[in-house]
Amino acid sequence: MSFIKNFIISSGTVIVDIAVILLEVLVIVASLVSMVKSGFIVGFATFLIGSISTIISAYFVYLLIDIRENIAKIANSKATEVTNTQNQQ
């Protein structure tokens, strides 16, 4: 289990990039289907709303990944600081 967790954490941005590409392809397909069935305006609205939602969601996930990386850096620096203080005493 820890292998899967470490793989996902280490390659998180790649996974998000692939998900964004797949979602954008799905948005394009859905908007084309909407254009054929309901008209141009509905299809265009589907494209805009889907694309904006995908981009905002991806940025949110990127933000969470950056927050996690920064928390890990802070924790490592604090652990190093505590170790150095204990070694000096």
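**Overall fold**

Which pattern does the protein chain follow, read along the sequence? The protein chain follows the pattern α-α-α. Its secondary structure comes to three helices and zero strands. Helices (H or I, at least four residues) and strands (E, at least two) are DSSP runs, numbered from the N terminus.

This is a predicted model: local features need pLDDT of at least 70, side-chain atom pairs count only at pLDDT 80 or more, and totals for chains, interfaces and linings use all residues. Residues are numbered from 1 along each chain as its sequence is written, and side-chain values use heavy atoms, with hydrogens and water left out.

**Surface and contacts of the chain**

The protein chain has 89 residues, and 15% of them count as buried. Buried means under 20% relative accessible area, exposed means over 50%, and partly exposed is in between (1.4 Å probe, protein chains only). The chain exposes about 7100 Å². Carbon and sulfur atoms supply 73% of that area. Accessible areas come from the Shrake-Rupley method with a 1.4 Å probe; for residues, only the protein chains shown count as cover.

Now take contacts between residues at least 6 apart in sequence. Of these, 55% join residues at least 24 apart. Contact means heavy atoms within 4.5 Å.

E24 is found in helix α2, which covers residues 12–38. E24 is buried, yet has no salt bridge. A salt bridge is a side-chain nitrogen of Lys or Arg within 4 Å of a carboxyl oxygen of Asp or Glu. The nearest side chain of opposite charge is K37, 21 Å away. For charge, Lys and Arg count as positive and Asp and Glu as negative; His and the chain ends are not counted. Leaving aside neighbours within four places in sequence, E24 is in contact with G50, S51 and T54.

T54 sits in helix α3. T54 counts as buried, at 8% relative accessibility. Again leaving aside neighbours within four places, T54 is in contact with V20, L23, E24 and V27. L23 lies in helix α2. L23 is partly exposed, with a relative accessible area of 41%. L23 and T54 are 31 residues apart along the chain, but their C-alpha atoms are separated by 6.9 Å.

**An aromatic pair**

How many aromatic pairs are there? The count comes to one aromatic pair. The rings of F40 and F44 have their centres 5.8 Å apart and their planes at 15 degrees, so the pair is stacked. Here is the rule: rings of Phe, Tyr and Trp (its six-membered ring) pair if their centres lie within 6.5 Å; planes under 30 degrees apart count as stacked, over 60 as edge-to-face and the rest as tilted.

F40 and F44 are four residues apart in helix α3 (residues 40–88), so they are separated by about one helical turn. F40 is exposed, with a relative accessible area of 53%. F44 counts as partly exposed, at 39%.

**The nonpolar patch**

A nonpolar surface patch of about 990 Å² is made by I28, L32, F40, I41, F44, F47, L48, I49, I52 and I56. Patches are made of residues with over 30% relative accessible area and no salt bridge: like charges are joined within 9 Å, and nonpolar side chains (Val, Leu, Ile, Met, Phe, Trp, Tyr) within 5 Å.

Helices α2 and α3 each supply at least two residues of this patch. Helix α3 gives the most, with eight residues. F47 has its place in helix α3. F47 is partly exposed, with a relative accessible area of 30%.
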